[in-house]
Amino acid sequence: MRGGGHSRRSSDGFGSDSDAEENGGGNPTRTMKCVSCRDEYASRDAGTCRECYEEASETEEELKREIEDLKAKVAFLRFSSWTPHQHQRPTPPCFTDVVLVASDDDNPVPVPAHKAVLASRSPVFKAMLENEMEESLSGTVKISDVSYDALRAFVNFLYTAEACLDEQMACDLLVLGEKYQVKHLKTYCEKFMVSKLNWENALLSFAFAHQHNAKNLADSALSLIMDNMDKLRKREEYAELVDKDPRLVVEIFEAYLSKQVNTAAHKDSSLKP
């Protein structure tokens, strides 16, 4: 007979005890229900079930990354204590006092901005505008090797910390971010490019990352290259890289061989009794 005629719920209200008779007369085994998915699991795993716990941990990590991104954005948008020289008149923040132009365009269209914003976002602009350089005196900053669209997106990012990216725009803005030491922009573009990585663009992305000191992009691209070496060595991009920058090819092979050695060592250790 059942002791009491019904199962007793656990103290937290999410599970029940099995009777001793259903377990062959031994000690009763308590079963619990996950507070998230409501699946039953053994009391020794009390709390949430493993799947829900891992999912919650992943969500927590994602939230932490989002919080860090927001903190970086807030820090980037905060004005620094830049002030004009004594012989300069303070400019009301609602009026632009400098223009940027893409100097390579035949008919460059000026992009208006504020010196205070440029100086607070970029140490390069800060040094340029605080000293009596040509850009400071003329009120015009000429930027080479950039399109008007990329320049406009660059200035917009300095004000908003946001940009509408595609692969080409991300490359253009990352170059500008490095040139003018706008670290937040460079990180922003690098994250986008990492999200667009695949084995087909890994070689070009690896070369680009090395050229512009984008370490996270370089590491992610190298990982994809090592996983797809057989296919990539047959591609035209690989032959071009051998001709243009053989040092990068050497670095790729060194990383590939190191991975092969580590894999072999791991297999040997797993076979030992």
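This is a predicted model: local features need pLDDT of at least 70, side-chain atom pairs count only at pLDDT 80 or more; totals for chains, interfaces and linings use all residues.
1. Let's start with the acidic residues. Glu 51, Glu 55, Glu 58, Glu 62 and Glu 66 form a negative surface patch. One of them, Glu 58, sits in helix H1, which covers residues 50-77. Its relative accessibility is 52%, so Glu 58 counts as exposed; the cut-off for that label is over 50%.

2. **Salt bridges overall.** How many salt bridges does a search of the whole structure find? The count is eight. Side chains of opposite charge can pair when their charged atoms come close.

3. **Lys 191 with Asp 69.** Here the two side chains meet in a salt bridge with an N to O distance of 2.5 Å. Lys 191 belongs to helix H7 (residues 183-195) and Asp 69 to helix H1, so the pair ties together parts 122 residues apart in sequence. Lys 191 has 44% relative accessibility and so counts as partly exposed. Asp 69, at 35%, also gets the label partly exposed.

4. **Lys 215 with Asp 219.** The closest N and O atoms are 2.7 Å apart. On accessibility, Lys 215 is at 58% and counts as exposed, whereas Asp 219 is at 40% and counts as partly exposed.

5. **Arg 247 with Asp 245.** The side chains of Arg 247 and Asp 245 meet in another salt bridge, at 3.6 Å from N to O. If you plan to look at this pair, keep the cut-off in mind: a salt bridge needs the nitrogen within 4 Å of a carboxyl oxygen. Arg 247 has a relative accessibility of 67%, so it is exposed. Asp 245, at 21%, counts as partly exposed; buried would mean under 20%.

6. **His 114.** Is His 114 buried or exposed? It is buried, because its relative accessible area is 13% and the cut-off for buried is under 20%. His 114 lies in the loop between strand E5 (111-113) and helix H2 (115-121). Its side chain makes a polar contact with the side chain of Tyr 159, at 2.5 Å.

7. **Asn 228.** Another buried loop residue: Asn 228 has a relative accessible area of 13% and is found between H9 and helix H10 (229-232). Which backbone oxygen lies 2.8 Å from a polar atom of the Asn 228 side chain? That oxygen belongs to Leu 224. Asn 228 can also be placed against Trp 199: the two are 29 residues apart in sequence, with 6.7 Å between their C-alpha atoms.

8. **Leu 173.** Helix H6 (residues 167-179) contains Leu 173. With a relative accessible area of 0%, Leu 173 is buried. Its C-alpha is separated by 7.3 Å from that of Leu 185, which is 12 residues away along the chain.

9. **Helix H8 and what comes after.** Which residues of helix H8 (residues 202-211) are buried? They are Ala 202, Leu 203, Ser 205, Phe 206, Phe 208 and Ala 209. Just after H8, the backbone of Asn 213 takes a positive phi of about 55°.

10. **Positive phi in loops.** Asp 145, a residue other than glycine, has a positive phi near 55°. It lies in the loop between strand E6 (140-143) and helix H5 (148-160). Asp 145 has a relative accessible area of 70%, so it is exposed. Gln 181 likewise is not a glycine and has a positive phi near 55°. Its loop runs between H6 and H7, and at 45% relative accessibility Gln 181 counts as partly exposed.

Key: Residues are numbered from 1 along each chain as its sequence is written. Side-chain values use heavy atoms; hydrogens and water are left out. Patches are made of residues with over 30% relative accessible area and no salt bridge: like charges are joined within 9 Å, nonpolar side chains (Val, Leu, Ile, Met, Phe, Trp, Tyr) within 5 Å. Accessible areas come from the Shrake-Rupley method with a 1.4 Å probe; for residues, only the protein chains shown count as cover. Lys and Arg count as positive and Asp and Glu as negative; His and the chain ends are not counted. The place of a charge is taken as NZ of Lys, CZ of Arg, CG of Asp or CD of Glu. Helices (H or I, at least four residues) and strands (E, at least two) are DSSP runs, numbered from the N terminus. Buried means under 20% relative accessible area, exposed over 50%, partly exposed in between (1.4 Å probe, protein chains only). A polar contact is a pair of N or O atoms within 3.5 Å; within protein, one must be able to donate a hydrogen and the other to accept it, and residues adjacent in sequence count only if both atoms are side-chain atoms.
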